[in-house]
Amino acid sequence: MDETYINDLIYVCAFGLGGLAFAAGPFVIVHLLSARQTRQSANKTGQFVECGMEPIGDAWIRYSAVYYLYALVFVAFAVDVLYLIPVALVYGREFAVRDLFELLLFVGILSLVIVYAWRKGVFAWSLKKPTARTVPRS
Amino acid sequence: MTLTLEELAAQLSQALARDPPSIPAPAVARREGEGEVMIPVGHGVQVVDFARHGYHLDATVLPQDLVPAAAWLDRVGFALDTITGVDWIHAGEMELVYDYFHPIAGWRVVIRARVARSEPEVPTLSEIFPGANWHERETHDFFGIRFRGHPDLAPFLLPEDADYHPLRKDYAG
Amino acid sequence: MELKEAHGQDCSPIVKFAALDELLALGRANSLWPLTFGLACCAIEMMAAGAARFDLSRFGAEVFRPSPRQADVMIVAGTVNRKMALAVQTLYDQMLEPKWVIAMGNCAISGGPFVFPGQYAVIEGVDKLFPVDVFIPGCPPRPEALIEGILVLEEKLTGKRRWPRVTPP
C-alpha cells in the first residue's frame, strides 16, 4: 500500500464521516438543546395530523400511479449527470476510444427514457380544455 | 315561472287537501295588526302581506303532511331555507317552522306544524332536501324535537355530550 | 425566561445556556410567530393589526403560521365555546416549547359579554384551559392594544421594553 493510496482512502473516509455527521448532527443538537416536552393541556401533542380536529382515517393515502413519470425523468436527467461526474476524472487515461464507446452506451440507454417521456407528451405544455370528466360532480 | 302567487296558493292547498279537511283555514288573521288582511285559501294555506311578514304564503299542516308538502314544493322548484322551532309552553305544544324560497320567482313560503310538547316527533325531510339534515340537528339540539328517520341526530352546535335543550322555555341552565 | 413546569412536567432542555440566554430571548422576542387562531370579532382586529396601517411586521410578528408546530405564540382572539374547547387545547398541545399564549379580548379573558347565570355555551376565560401569559382587555381591543400586548410579551421575555410606556397627560 503506497502513500497516495492511503491518502486517498483517508480523504474518502473523512468525507464519509463528515457526511454522516452532517446528517446525524441536527438530531443530536436538537436532542441536547431543545425542550424535552411541551406543556400539555389535553395530551394531544402526539396526534399525527397537526390540526385541532380529530383526524378521520389514516395518514397513508393512495395516490395516482402516473407520478412514476416524475421518477423516470428524474433518473434520466439528474442521476445520469451524477454518475457522469466521476467519469471526468478517469476519462481517457488509457483507451480513449473504449471510454468514448462506454460513455455513449451509458448515455444512450438513459436517453431511451427521455425518448419514452417525449413520446408520452411529458415535455409538451398545452392547455387542456375542460372535458365532461374534469367538471366535478356536485 | 308562469304561475301567479294565487295559483300557487291554490295548488298548494289542493296538494294538502284531505277529505275531510285536516286543518280548517282560519277565518281571521292570526297576528293582529292594523289594516292587515290575511287571505285564507283553504286547508290552512294563507296568502299574507309580504311587506309586513317577509314571506308570501303561510301554510299550517299536520305533522304527517310535512313530507308530502316538502315533496310538492320541491317539484315546483322551491328550496329549503331554514327549519326552526317555537316552544309554546303554555299551550303545551311545539311548533315547527319550515321556510322555503323559490330562487327564480322569488316567493317565500312558510310551512308550520304543531306537535305535542311531551312527545315532539316529526318525520325527517333529509331524503327530499339533504340540506335539512343540519337544520334538523340544530332544531333537535335546541328544542329536543326528534326527527324520525334522520340518519344521525348527533349534537350540532352544542357539545357532544349535551343532554339539555337550551331554547326550551323551561330551560334554566 | 424560564420554561415553566406544568403538571410536574419538566420542559427545560438538557443543555442550558446562561449568558447566551439573553441573546436567545432577544431573538425569540423579535420574531414571535403567531398561530392564526382568530375565533370571532377579535380576529378582525388581529387581522387589522397584521395589515399595513398598524403593521405587526415591524415587530417580526407578521408571519401568522397555519400550523401549530411552527408557531411561537397563540393569540386566542375570540370566544371559546365548549364545543371548540378541545380543538383549542389540541392546538395548544401541538405547539412546541418555548410557547406563549396571549388572551385577546374580553371573551378570551373571562367569557366576555356572554357570561350570565346559567349560560351553557362559553368557556369563561381561556386560562381555564391552559396558562396565559398576556391578557389584552377590550371588546374588541384596538390593534394598538394588540401591539401593546406583543410589546408586553417581549418585555416578559427579555426584561427590557422596546418602547417607553406612554402615560396619558
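The legends below describe several close-up views of a predicted model.

**View 1. How the chains of the predicted model meet.** Two pairs of chains touch, and of these 2 pairs the one with the most contacts is that of chains A and C. This contact draws 18 residues from chain A and 28 residues from chain C. On the side of chain A that touches chain C, the residues comprise 5 nonpolar, 9 polar and 4 charged ones. Chain C also meets chain B, in a contact that takes 5 residues from chain C and 7 residues from chain B. The side of chain C that touches chain B has 1 nonpolar, 2 polar and 2 charged residues. Chains A and B, by contrast, do not touch, and their nearest C-alpha atoms are 13 Å apart.

**View 2. The open sheet of chain C.** In chain C, 4 strands with parallel pairing form an open sheet in the order β1-β2-β3-β4. The edges of this sheet are β1, residues 34–35, and β4, residues 134–136, each of which pairs on one side only. Strand β3 of chain C, which covers residues 100–104, pairs with β4(C) in the parallel sense over 3 bridges, and in this part of the sheet Ile102(C) stands opposite Val134(C) of β4(C).

**View 3. Two helices lying across the sheet of chain C.** Helix α2 of chain C, made of residues 41–50, lies across β2 (73–77) and β3 of that chain and runs at about 130° to β2(C). Helix α5 of chain C, made of residues 143–158, lies across β2, β3 and β4 of chain C, and its direction is at about 165° to β4(C).

View 4. When residues up to four places away in sequence are not counted, Met74(C) touches Leu35(C), Phe37(C), Leu91(C), Tyr92(C), Met95(C) and Val101(C).

**View 5. Two cis peptide bonds in loops of chain C.** One cis peptide bond joins Glu97(C) to Pro98(C), with omega at about -5°, and Pro98(C) is located in the loop between α3 and β3 of chain C. Another cis peptide bond joins Cys139(C) to Pro140(C), with omega at about -10°, and Pro140(C) is found in the loop between β4 and α5 of chain C.

**View 6. The crossing of helices α2 and α4 in chain A.** Helix α2 of chain A (residues 68–84) and helix α4 of chain A (residues 96–120) have axes that come within 9 Å and cross at roughly 140°. The crossing in which α2(A) passes α4(A) is left-handed. From α2(A), the contact is made by Leu69(A), Leu72(A), Val73(A), Val75(A), Ala76(A) and Asp80(A), and from α4(A) by Leu110(A), Val113(A), Ile114(A), Ala117(A) and Lys120(A). By class, the contact of α2(A) with α4(A) has 9 nonpolar, no polar and 2 charged residues.

**View 7. A hairpin in chain B.** Strand β4 of chain B (residues 79–88) and strand β5 of chain B (residues 93–101) pair in the antiparallel sense over 9 bridges. Within this pairing, Val86(B) stands opposite Glu95(B) of β5(B). The two strands β4(B) and β5(B) form a hairpin with 4 residues between them, and in the turn Gly92(B) has a positive phi of about 70°.

View 8. With 11 other C-beta atoms within 10 Å, Asn43(A) is exposed. In chain C, Asp55(C) likewise is not a glycine and has a positive phi of about 55°; Asp55(C) belongs to the loop between α2 and β2 of chain C. Asp55(C) has 14 other C-beta atoms within 10 Å and is therefore partly exposed.

Conventions:
Residues are numbered from 1 along each chain as its sequence is written. Chains are lettered from A and ligands numbered from 1 in the order in which they are written. This is a predicted model: local features need pLDDT of at least 70, side-chain atom pairs count only at pLDDT 80 or more; totals for chains, interfaces and linings use all residues. Ala, Val, Leu, Ile, Met, Phe, Trp, Tyr, Cys and Pro count as nonpolar, Asp, Glu, Lys and Arg as charged, and the others, Gly among them, as polar. Two strands pair if DSSP finds at least two bridges between them. Axes are lines fitted to C-alpha atoms, for helices over the stretch in contact, and angles run from 0 to 180 degrees between N-to-C directions. A crossing is left-handed if the near helix is turned anticlockwise from the far one by less than a right angle, and right-handed if clockwise. A residue is buried if 20 or more other C-beta atoms lie within 10 Å of its own, exposed if 12 or fewer, and partly exposed in between; C-beta atoms are placed from the backbone.
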